[in-house]
Structure formats: C-alpha cells, structure tokens
Amino acid sequence: MVVDMESDFDAGRGPEPSARDSLAAIAVDRRRLGRLASAPPWYYPAVGLGTAVVVASPAFGSPVAMAIACALAATGLAVLPSLFARRTGLSISRPAGAGGVVFLVALALIVLLLLMASVVLVVLDSRPWVALTAAAGFLVQYPGGLLYDRIYRAELSRA
Amino acid sequence: MHEGRFDESIHAPTRLRLCAALRPVDRADFAALAEVLGLSDATLSKTVGALVGLGYASTSKQSSPDRADARRTTTVALTAAGRRAFDGHIAALTALAAPRSDG
C-alpha cells in the first residue's frame, strides 16, 4: 500500500495530524496578528480625552457649547480607527469574541452613567464636580482600553 | 458553532493561514499580512490571487499617504463565501483534531 505523505487521508495515518498542524499554525499566526493589532501608546489616552470631553460637556454652559464639544469629540473618536488602520495595515471593527462584546458594552454603559452623573451635577449646581466625572471617563477608557486589547488578543488566539 | 465542512480548496497551508488571518479583520494590507504570515510578497500575491479566483477574497487598491510615489496599497478581505468556507473548514479540522474516544 502506497502511503502518500502529502495526502490528508493517508491510510492508517488519517487526517488528524495534518488538522492539528493546521490549527497550530493558525494559532501562531493569530498571536502575531494580536500583537500587530494592539493599539499604539497614544490611542487609548486619545480615546480617554474624547470621552472626558463628552462626559464634561453638560458643564460647558450652553446647549450649543455642549453640542459643539460633543461633535468635536465624536469627530476625533471617529478618526482614530482610520489612524489605527493606517499604522497597522489592519481595519478592525468588531471584537474577537463574546468577552470583548460584553466588555465594550460595559464600558459604554459606564460612560453613559458618567454622562448622566454630569448632567445631575450641573442640575444640582455642582458644576466643579463634573471634573471628577470627566476624569473618571478618561480613566475608564485608558486602562479599560488596554484591558480590552488583552481580551482581544486572548479571544483572537482562541477563535 | 458552525457545521464542519472540509474545503479542499483552502486546506493548503498558505491559503488556510491567509483565511485565518483575514477572518477576524475587515481588511488587511499586504504588508500586514506578510508580517503576520511570514510570507514573501510573491507567495502572498499568488495565494491572494487563488482565493480571489475562488471567490473567497476580494482586493481593493487605496492611495496611501505613506507612499511618496503614485502607487497604491492593496488591501484584502474575505468575502461572505470565504468566511463561510473558512468557518466550516475550521469546524471540520477541529473535529478531526479532537482526541479519539475509541480505544
């Protein structure tokens, strides 16, 4: 019986070793991809700054000022993925797994709560305290973003 | 979990690895793919061409601000058919690689 070592269906050998080799090679590539896809050092501080502006916007004095601040922050936040794609050569718009989705939803809810807290503080005439909610918004995104990168790399290697 | 469907056309190592690299991203340029996969430009180009021929990948050219000349960068993405083929093939490989229960 001729055994063709190049075939995935070698008699008596079966396709299992080839399947494992393929999956192992993919795992190595995915780890490299995860490292390449990690955000540059300036990325999450920039996201944090944009988030802080949005969270602080109720304290800016007028609906027009609030709208302008939010529009500028949103524009900046929208440009960041393009800058990321230019730097890494990768365009990524979704998490690598369910954990990433849950994490991003949690971050969004926290930012929304902070924004609501800012509104309440302004209504209660405690405008200076909005600096705290804005700072919290920055801190949520900056270490939070780094943690998201770790979750992304872990889920990418398991995908 | 996707139903396993072994696809001989993407089982070749470089084709499968390219599909695996493209599956989690929207698009990737040649330089990024070459870095991740450790392939030469010629091999990568040939593999991309094969996947495009199968209808599993698409390419687009974009002007790059990082290039001083008029040449454009090429980005690659999996098509919907490519994603289905890859997901089915990976499910099949995973089932094949699973430890056998028979003694």
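Helices (H or I, at least four residues) and strands (E, at least two) are DSSP runs, numbered from the N terminus. The structure described here is a predicted model, in which local features need pLDDT of at least 70 and side-chain atom pairs count only at pLDDT 80 or more, whereas totals for chains, interfaces and linings use all residues. Residues are numbered from 1 along each chain as its sequence is written, chains are lettered from A and ligands numbered from 1 in the order in which they are written, and side-chain values use heavy atoms, with hydrogens and water left out.

The model scores ipTM 0.85 and pTM 0.80. Confidence in each residue is expressed by the predictor as pLDDT, from 0 to 100. Chain A has a mean pLDDT of 87, with 89% of its residues at 70 or more; for chain B the mean is 88, and 86% of the residues reach 70 or more. Over residues 1-13 of chain A, the pLDDT is below 50.

The size of an interface is often given as the accessible area lost when the parts come together. Chain A and chain B bury about 2,300 Å² between them, 57% of it on carbon and sulfur atoms; this buried area is the accessible area (1.4 Å probe) lost by two parts on being put together, summed over both. The contact (heavy atoms within 4.5 Å) takes 26 residues from chain A and 29 residues from chain B.

In one salt bridge, the side chain of B:Arg17 meets that of A:Asp29 at 2.6 Å, N to O. On the side of chain A that touches chain B, at least two residues each are supplied by helix H1 (16-36), helix H3 (63-88), strand E1 (90-91) and helix H5 (130-158). The largest share, 13 residues, comes from H1(A).

A:Asp29 also forms a salt bridge with A:Arg32, with the closest N and O atoms 3.1 Å apart. These two residues, A:Asp29 and A:Arg32, are separated by about one helical turn because they lie three residues apart in helix H1 of chain A.

Strands of the two chains pair as well, pairing being assigned if DSSP finds at least two bridges between two strands. E1(A) is joined by two bridges to strand E1 (residues 27-29) of chain B, and the strands run antiparallel. The bridge partner of A:Leu90 in E1(B) is B:Ala28.

Note on methods: Salt bridge = Lys/Arg side-chain N within 4 Å of Asp/Glu carboxyl O.
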